[in-house]
Amino acid sequence: MRNRIPVATFLLSASVLCGTLRAQDLAVHLDGDYLRVSLPHIDFLQGKPLNRLKDGGSVAFMGLVTITSTPTSLTPIARSGARFALSYDILEEKFSVTKIGQTPDSRRSQSHLSAQQAELWCLDNLGIDRSELPADRPFYVNLDLRIEDPRDQFGIIGDSGISITRMIDFLGRTGRGSQPHWLKSSGPYRLEDLKRIEIKGTRG
Amino acid sequence: MPVLLRSILLSTALLGTVSSLAAGQAFVRDVAAANVNQRYSIESISLGGVELDRMEPAKLPPSLRVRLMALIGQKCDMAALADLASEIRQELHFRSVTERLLKGNGPDMVKVDFDVAGGGFAFEVNVPKLLFTSQERATGELDATVAFRGNRLMVGAVSNGDDLIERFSGLTARFDSAALGTDRLHASVAVEDYREQWNIATRDAVASESDLYRSRWNVAPQLTFAVAGPVTVSVGASFEGMESETPGAGNRSANAGTLDVRYGHKIEGGPVQQRIEAKYSLRLATRALGSTYAYARHLISFKYEARSGRHVASDTFTGGAISGDAPLFDQFVLGTSTALPGWDRFQIDPLGANRIVHNEMSYGYRIGEGMVEAFYDAGAVWQGGRQPVQQPTVLRHSVGFGYKQGIFVLTTAFPIRNGRVEPVFMAGMNY
């Protein structure tokens with residue numbers, strides 16, 4: 001029994017640490033010419049990022065959807081990534097989200113959202129073009145969602161040069177993985193078996 | 001590896017770093033620009049919960065207070081607020097400063113509070129300057145700074161092969177006091193200890209080996225007084241000693257009184273933003289202070305800069321004269337990264353000179369976060385006064401272009417000689 005306590009403690013700790021990875025099914029569907037993902041019990045706006053938003057600041061998320069031939073493959077067949085800037089209207093108490101594109105024209109925004117609507121909007125805007133999906137073999141879909149704290153990049157380079165202390169602090173925090181991070185995979189899928197859901201709007 | 005290839009590889013690596021950092025900074029600006037609260041106006045600003053107009057004057061530097069007050073009534077620019085938070089952290093030595101928005105009393109108004117933590121003490125290690133050139137000159141500095149209660153103690157290591165005839169490497173320390181009674185008065189003490197390396201051209205040209213020193217050290221106390229708005233005056237002393245390379249020659253000293261007068265003024269508000277900077281420095285070494293050398297070194301510089309939209313034009317003039325017999329570290333030099341870049345200083349004058357005139361005109365065009373710049377330099381150094389004329393006075397020219405992004409600079413300079421084009425590449429930051 002005594003030997004089992006550390007194992008139990010480890011499992012309990014792991015389950016707490018991976019609370020953000022709790023059993024959520026990564027659902028996949030076709031929306032027109034795009035494969036899109038959704039999480040039924042999505043909740044990534046929490047903790048420090050949420051506090052930062054409620055203080056009127058900005059929080060950036062990086063989302064990446066990859067298609068792989070096996071659940072553990074490191075080489076994606078296709079990928080689609082996007083960066084999102086979220087903010088919270090402190091007078092109207094509503095969220096706003098912007099997909100930051102490579103060009104100003106590719107930027108799109110949505111405001112007056114609840115926290116959950118903002119989260120769903122981010123996922124809805126992570127699509128992979130159907131033509132990039134393998135038509136003749138099964139594939140797995142992976143979602144990698146992480147916070148990019150824009151404040152981390154401030155202060156490393158300034159008029160007084162490169163701050164080594166801030167860089168060490170930044171790299172240390174990155175290395176310790178203190179930034180919230182969500183990973184989810186599901187599959188295998190076949191293109192012809194995917195459920196079709198048509199949602200009107202201009203997304204990509 | 002050939003020098004040219006090494007320079008290209010170095011420039012490519014630096015360009016990669018610059019573009020990567022630039023992309024990061026651009027992303028930060030994009031995220032801030034997308035903040036929905038940018039449409040609101042700022043009703044009031046507070047620091048640690050205390051509104052600016054209720055804060056004691058001594059607790060906030062006047063220039064920072066003016067900049068913060070200027071934001072009231074303006075739209076809530078989140079990038080500007082983040083920059084100011086970073087500046088407050090550095091100026092007031094807090095561990096962290098975070099900008100927070102609160103509901104204002106008026107319609108579409110917000111209050112800004114800079115939330116501060118860990119006040120009173122700060123520790124920072126910086127690389128303030130780096131320079132590599134295809135002439136195989138490298139210069140770098142590493143500083144550690146402790147700030148407490150408005151005082152600042154900096155200890156640094158430096159190896160500089162760019163500014164003087166000699167390469168000097170060693171340790172520096174500097175203490176800057178908090179305001180002494182009034183915001184206008186500050187004191188500082190700098191201590192330096194260097195080992196010297198001499199170019200073979202300098203060794204060949206020097207009249208006596210005893211003029212070369214293997215090490216030098218300096219203790220320089222100074223008082224700085226902000227006379228009025230744009231003018232500051234610094235008065236101090238410099239007790240500089242040198243250990244001769246010649247055994248038995250003993251130590252020499254260049255103990256001097258020092259004076260610096262600085263003027264800086266910005267003209268903003270119109271379509272063209274202008275900046276004027278002027279400086280006069282005097283170093284008066286006298287035997288009354290126990291100095292081996294007795295001389296007076298005068299240096300004036302004047303810079304005018306005009307910005308309009310994406311265009312930046314500037315002109316910088318420097319002129320200097322030394323009367324008396326000055327040690328080599330105080331001689332004037334051309335052929336550095338900032339004065340007649342591209343020229344070999346040892347070809348111009350391997351011992352430096354006691355007269356200098358130099359002018360640089362530059363034009364820059366801002367592209368995204370960076371700036372493409374072209375420049376034209378002209379200058380001359382010569383021996384004046386009662387010094388024997390060693391070389392005829394020649395006005396030399398160089399042209400070049402570069403790319404600046406924040407503190408990072410890549411430059412290619414072309415010294416204009418008869419029929420020969422030998423570009424010199426320089427890469428670094430804050431030079």
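How many salt bridges does the rule find across the interface of chain A and chain B? In this predicted model, the count is six. One of them links the side chains of A:Glu93 and B:Lys103, with an N to O distance of 2.9 Å. Polar contacts also cross between the chains. They amount to 14 residue pairs, both members at pLDDT 80 or more.

Several elements of chain A supply two or more residues to the side that touches chain B. These are strands E3 (58-68), E4 (78-89), E5 (94-100), E9 (157-158) and E10 (161-163), together with helix H4 (164-175). E4(A) gives the largest share, five residues. Sorted by class, this side of chain A holds 11 nonpolar, 13 polar and 11 charged residues.

The size of an interface is often given as the accessible area lost when the parts come together. Between chain A and chain B, the buried area is about 3,300 Å². Carbon and sulfur atoms give 55% of that area. The contact draws 35 residues from chain A and 44 residues from chain B.

Strand pairing also joins the two chains. E10(A) is linked by two bridges to strand E5 of chain B, residues 121-133. The two strands run antiparallel. Within this pairing, A:Ile162 stands opposite B:Val127 in E5(B).

One residue of chain B was examined separately. B:Thr98 lies in strand E3 of chain B, residues 96-103. Its relative accessible area is 23%, so B:Thr98 is partly exposed. B:Ala117 is 19 residues away from B:Thr98 in sequence. In space, the two are 8.7 Å apart, C-alpha to C-alpha.

Methods: Residues are numbered from 1 along each chain as its sequence is written. Chains are lettered from A and ligands numbered from 1 in the order in which they are written. This is a predicted model: local features need pLDDT of at least 70, side-chain atom pairs count only at pLDDT 80 or more; totals for chains, interfaces and linings use all residues. Side-chain values use heavy atoms; hydrogens and water are left out. Helices (H or I, at least four residues) and strands (E, at least two) are DSSP runs, numbered from the N terminus. Buried means under 20% relative accessible area, exposed over 50%, partly exposed in between (1.4 Å probe, protein chains only). Contact means heavy atoms within 4.5 Å. Buried area is the accessible area (1.4 Å probe) that two parts lose on being put together, summed over both. A salt bridge is a side-chain nitrogen of Lys or Arg within 4 Å of a carboxyl oxygen of Asp or Glu. A polar contact is a pair of N or O atoms within 3.5 Å; within protein, one must be able to donate a hydrogen and the other to accept it, and residues adjacent in sequence count only if both atoms are side-chain atoms. Ala, Val, Leu, Ile, Met, Phe, Trp, Tyr, Cys and Pro count as nonpolar, Asp, Glu, Lys and Arg as charged, and the others, Gly among them, as polar. Two strands pair if DSSP finds at least two bridges between them.
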